[in-house]
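Reader: Hi! I'd like to go through this structure with you before I set anything up. Could you put it on screen?
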Amino acid sequence: MFIDAKPASEGVHGILGTRNAPSLADINLMSSFFWDGREAKLEDVSILAFTNPAEMAVPDNQALVEKIKQNDKHIARFERIFDSRDINIDHVKTAMTAYLRSIPVPPTRYDRYLQSGDHSLMSEDELAGIAIFKGKADCVECHPLQGDPVHFTDNLYHHTGIGFEKVSGNVNEMMERIQDAESKGLALGTLILSDPDVAQLGRFVATRDPQDLGAFRTPSLRNIANTAPYMHDGSVLTLEEAVEYEIYYRGLSRGRPINITAEEKRQLTAFLRALDSPPSSPPL
Ligand code: HEC
């Protein structure tokens, strides 16, 4: 599934980050990366975790290349592919990106139902859940059931109401922290994973557009039943609570509450549980 079960991920030195790790199983369906979309190219993203102090904490790219060169098997592999024993950081990016691109999007039961039209793959509750997801609850506004395979995300940024209220009064102070970090040449990702308040500013940190304060990229819902806890900061523990929260908050931000019975909520959640896929072993 390419995720951990922690609210925020822990780095190699036990340093706790600030963000819930997204799955890599749908990396091929993403048009920008990280919860705030601060990176646009997978090639660049592919090596960032190595040097982030809250992740793998290698001092810099040069140290990373040196580490790879210490392993004869790596040298032989790189030589075979790049026709050179002189490994450089671009080789590492190319290799990492090729691996990430090779991770298949595992078909969910819902995908198989769409492809085959075989209704027996879905229960009555799950089919009712699809109708609610598309209709009354209008979850498809941001988690569209389009694309082949279905993306379950518009890849856009929306206000979430999660976590932002804690920091909304201190935006100016945090702007100073961002500028201070920049003047010291600190990478944005290092600041975001080490400063929980700045992390709650969402897309704003990438764009500096006040409209993006507290906005996050719509996550995919693939394998959602197996990717607890939820939301960018991992603060919502169960799928039922996440659905409850989304029904409430999305109604609030539209200015018209979503009136939905307990039975319909159960059906909606049943549909989300059909977005699982049998575990596949990662390609090596
Ligand atoms: C206006 C856009 C929008 C609508 C409408 C919307 N969502 Fe979301 N959804 C999001 C965003 C953005 C997040 C990430 C929030 C965060 O991390 O703070 C999210 C997160 C989630 C999550 C948690 C995913 C994870 O991996 O952590 C679930 C589950 C979810 N939504 C289900 C629903 C359901 C069910 C509906 C319909 C009732 C719905 N959403 C409607 C944008 C939307």
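Predicted model: local features only at pLDDT ≥ 70, side-chain atom pairs only at ≥ 80, totals over all residues.

Reader: Good to know. How many cavities of 30 Å³ or more does that give?
Author: The count comes to one. The largest cavity has a volume of about 50 Å³.

Reader: And which residues line the largest cavity?
Author: The lining is made up of Asp 26, Leu 29, Met 30, His 151, Thr 153, Asn 155, Arg 217 and Ser 220. By class, that lining divides into two nonpolar, four polar and two charged residues.

Reader: Okay, on to the ligand. Which residues come nearest?
Author: There are 23 residues around the ligand, and Cys 139, Cys 142, His 143, His 232 and Glu 246 come nearest.

Reader: How does the shell around the ligand divide into nonpolar, polar and charged?
Author: Into 13 nonpolar, five polar and five charged residues. Helix H12, residues 239-254, gives the largest share of that shell, with five residues.

Reader: I'll need to treat the iron atom of the ligand carefully. What are its protein donors?
Author: They are His 143, through NE2, and Glu 246, through OE, and these lie 1.9 to 2.2 Å from the iron atom. The two come from distant parts of the chain, 103 residues apart: His 143 sits in the loop between helix H7 (124-134) and strand E1 (157-159), whereas Glu 246 belongs to helix H12.

Reader: What geometry does the site of the iron atom have?
Author: The site is octahedral, with six donor atoms and angles of 87 to 179° among them. For reference, the ideal angles for six octahedral donors are 90 or 180 degrees.

Reader: Handy. What polar atoms of the protein lie by the ligand's oxygen and nitrogen atoms?
Author: Met 231 has a backbone N or O atom 2.6 Å from a ligand oxygen. For His 232, a backbone N or O atom also lies 2.6 Å from an oxygen atom of the ligand. On the side-chain side, a polar atom of Arg 250 is 3.4 Å from a ligand nitrogen.

Reader: Switching to the backbone: where are the cis peptide bonds?
Author: One joins Asp 148 and Pro 149, with omega about 0°, and Pro 149 lies in the loop between H7 and E1. Another runs from Ala 228 to Pro 229, with omega near -5°. Pro 229 is in the loop between strand E2 (215-217) and H12.

Reader: Last one: what's going on at the two ends of helix H4?
Author: At the start of H4 (residues 72-82), a side-chain oxygen of Asn 71 comes within 2.8 Å of the backbone nitrogen of Lys 73. After H4 comes Asp 83, a residue other than glycine with a positive phi near 60°. Asp 83 is part of the loop between H4 and helix H5 (89-102).

Notes: Residues numbered from 1 in each chain as written. Heavy atoms only, no water. Polar contact = N/O pair within 3.5 Å; in protein donor to acceptor, adjacent residues only side chain to side chain. Helix = DSSP H or I, 4+ residues; strand = E, 2+ residues; numbered from the N terminus. Near = heavy atom within 4 Å. Nonpolar A, V, L, I, M, F, W, Y, C, P; charged D, E, K, R; others polar. 1 Å grid on protein atoms, 1.4 Å probe; cavity = no way out; pocket = protein on both sides within 12 Å on 5 of 7 lines; lining within 4 Å. Points joined across faces, edges and corners; volume = space filled by probe spheres on them. Donors = N, O, S within 2.8 Å, 3.2 Å for Na, K, Ca; no water. Tetrahedral: all angles 85-135°; square planar, octahedral: opposite > 155°, others 65-115°.
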